[in-house]
Amino acid sequence: TYKLISSPGKPREVTKDQIKERIYYPRVSQQHLNKTQQSYISPTVFPVQAGIWKTYTNNNISFKYPAEWEQGELLILGSGSEQTFRDPNGLYSFSFTTRINYNNRTGKPFSDLYEYLNVNKNTKTIIIDSQEGVQTLPRAGSENVNTVYFFSKDLEFINIIDLSTNSDLNDLAKIEEGEKIFDQILSTLEFIESSPTPTCKPRPA
């Protein structure tokens, strides 16, 4: 058995099968997902066996990641930024990217993530912290890549969370471990409501 904790609360004993059922739910229940427009609510499970995870927070999102990973430099992009995280063992590549929600073709914000990704609405959707996101399914030859797209709560930004397992595509054990870590990170996501910018009013003379 393993110990998991759902914060707030005390650790409880669960079996390996229960972990697989909860952590791998979106993958092992694909038939069920198809019947429910491929949507699910990610479990809020925090893995005690992974140690005390670190927390990353910016103006619109917060999530936890493995304690041994190191936060890299913030890369400024033309329409946003990319925060990378380095696995000292070199097995995983993880990044969080923020882009301004703006469609250069129409001159307006993207109305939804399907328009941004140019995919149909049968693409798998997930709901975390009341926010709907789109998880693109790996293409042939990229089974080691996990990517999810979310709007920020104010719809001003598009957030992209990406984890790749740097291993041979035939090493299914390592790829599945990467999927599990990705799902665990997703389960800790919290979206932050942007505070309105205060306006200054001139004092009466």
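Buried denotes under 20% relative accessible area, exposed over 50%, and partly exposed the range in between (1.4 Å probe, protein chains only). The model is predicted, so that local features need pLDDT of at least 70 and side-chain atom pairs count only at pLDDT 80 or more, while totals for chains, interfaces and linings use all residues. Residues are numbered from 1 along each chain as its sequence is written, and side-chain values use heavy atoms, with hydrogens and water left out.

**Figure 1. Overview of the protein chain.** The secondary structure comprises five helices and 14 strands; helices (H or I, at least four residues) and strands (E, at least two) are DSSP runs, numbered from the N terminus. Of the 205 residues, 40% count as buried. The accessible surface is about 12300 Å², with 50% belonging to carbon and sulfur atoms; accessible areas come from the Shrake-Rupley method with a 1.4 Å probe, and for residues only the protein chains shown count as cover.

**Figure 2. Salt bridge between Arg86 and Glu70.** A salt bridge is a side-chain nitrogen of Lys or Arg within 4 Å of a carboxyl oxygen of Asp or Glu. The N to O distance in this pair is 2.6 Å. Because Arg86 lies in strand E8 (residues 80-86) and Glu70 in strand E7 (residues 70-77), the pair ties together parts that are 16 residues apart in sequence. Arg86 is partly exposed at 45% relative accessible area, and Glu70 is partly exposed at 37%.

**Figure 3. Salt bridges of Lys174 and Lys180.** Lys174 pairs with Asp171, their closest N and O atoms being 3.8 Å apart. Lys174 is partly exposed, with a relative accessible area of 37%, and Asp171 is likewise partly exposed, at 25%. For Lys180 and Glu177, the closest N and O atoms are 3.5 Å apart. Both Lys180 and Glu177 belong to helix H5 (residues 172-186), where they are three residues apart, about one turn of the helix.

**Figure 4. Positive phi at Asn118 and Leu155.** Most residues other than glycine have a negative phi. Asn118, not a glycine, has a positive phi of about 60°. Asn118 occupies the loop between helix H4 (113-117) and strand E10 (125-128) and is exposed, with 70% relative accessible area. Leu155, also not a glycine, has a positive phi of about 65°; Leu155 is found in the loop between strand E12 (145-151) and strand E13 (157-165).
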